[in-house]
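Biologist: I am new to this protein. Could we take a few local features one at a time?

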Amino acid sequence: MKYHIVTFGCQMNEYDSALIAGLLEGAGLRVSKNIEEADFLFYNTCSVREKAEETAIAKISQSRPLKQKNKKLKVIVLGCMAKNKGEQLFEKLPFIDHVIGTDHYRQIPEIVLGAKANERVFTDFDEKENYDGTYAQIQNPFSTSITIQRGCNKRCSYCIVPYVRGNEKNKDPLDILAEVQMSVEKGISEITLLGQTVNAYKKDGETFASLLEKISEINGVKRIRFVSPHPRHYDDELISVLQSNSKICHHVHLPLQSGSDTILKKMRRQYTAEHFLSLIEALRSKDPFYAVTTDIISGFVGETDSDFEKTLEVVKQAQFDNAFMFIYSPRIGTESYLEKEILSQEQKLLRHQQLVEIQNQITSNRSQNMLGRVEEILVERPSSKDPSEWMGKTDNFKKVIFKPTSTVSPGDYLTCKINEIRGWTLRGEVLS
């Protein structure tokens, strides 16, 4: 029997799909790249915004003809939308067989093949399930992600994640190190650690800083990345490790969300704009090219002209290398959904456009500053525009296009001199 998994959303969902694949193959199933040949069709869904749910439902609806053609086909909805919607999904998608939340993946073989095959909904939280002793399949030949933390103890007023992934659960440090070691033995050199507030990790005497140090000591690990830290959970120990450990990449995705302390308080973000800027200053104190990317919401409920101007001012001071910028939209089930909005959609769009314009210029300037630098590049793949050229990433997470001087493969490390900027793309000359 064969399975096929369709994944929506974040890196954690990608990891979970790889985890599920490992469980299925352990139960004797084989992967099918062709969706029409699958006996079990899994949709791992995202719920962070209503649009994400609408996209998932539209995609899942396309499998109805497959179900009609193959009566034995099982269609299973997984992940955050499964938890958020539960039984309601059968109203919009009456042909699906199971709805499985994020704490029940270990049971999937039993659900689809065994004693629980006649039950439909598995969405309650399991406070003890952290998937210890269960490892995801490697996601590509040289780089993989490892989830070290599930759920979230924060209750940001706009965010649905705690309601669909539950409270924070930190994975056993020995289990994390074992998964890193297994990955390295399969040729992996770049590890990305995942968690909703990944730098809040603390388990059995290990802090996030000490865990980073122990991972860096594993022979074969060359680069360590992590997503997504919370500004509140940076301390002197962590900043010292980030600056001194050469295997930890000089890039962080640090969500700002707003530059107004008033709005940050309404969002329940637990830091001020001044504190946020002080973190960037600390990270760049020894390396001005330390890359900081971010998330920003414009038009949050209650945001005044003054609040928005403060956000623009922080963006100018922070000099983000890049930013994901969103127009606020109310999310059912969150605290901010209950508040009355004071801005029209047109006003929110205008603020968003102004923010994008300013950040695009900053991003361009930060890229221009890379000209003339010699960087180590981790080779990823041939260029999508010209197969004779290749693409790789710098330590500070910038894409570089280069023309190889000899045979290269994904996972190779090359030294390049950045000698040209075309649009958003750096171009480099291979030195060694």
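Biologist: Which describes Phe-397: buried, partly exposed or exposed?

Modeller: This is a predicted model: local features need pLDDT of at least 70, side-chain atom pairs count only at 80 or more, and totals for chains, interfaces and linings use all residues. Residues are numbered from 1 along each chain as its sequence is written, and side-chain values use heavy atoms, without hydrogens or water. Buried means under 20% relative accessible area, exposed over 50%, and partly exposed in between (1.4 Å probe, protein chains only). With a relative accessible area of 39%, Phe-397 is partly exposed.

Biologist: Where is Phe-397, and what is its phi near?

Modeller: Phe-397 is found in the loop between strand 18 (390-393) and strand 19 (399-402); strands (E, at least two residues) and helices (H or I, at least four) are DSSP runs numbered from the N terminus. Most residues other than glycine have a negative phi. Phi of Phe-397 is positive, near 70°.

Biologist: Gln-257 has a positive phi too; is Gln-257 buried or exposed?

Modeller: Gln-257, with a phi of about 75°, is found in the loop between strand 14 (251-253) and helix 11 (261-267). Because its relative accessibility is 7%, Gln-257 counts as buried.

Biologist: Which residues in helix 12 does helix 10 meet?

Modeller: Contact means heavy atoms within 4.5 Å. From helix 10 come Ile-239, Leu-242 and Gln-243. In helix 12 they meet Leu-279, Ala-282 and Leu-283.
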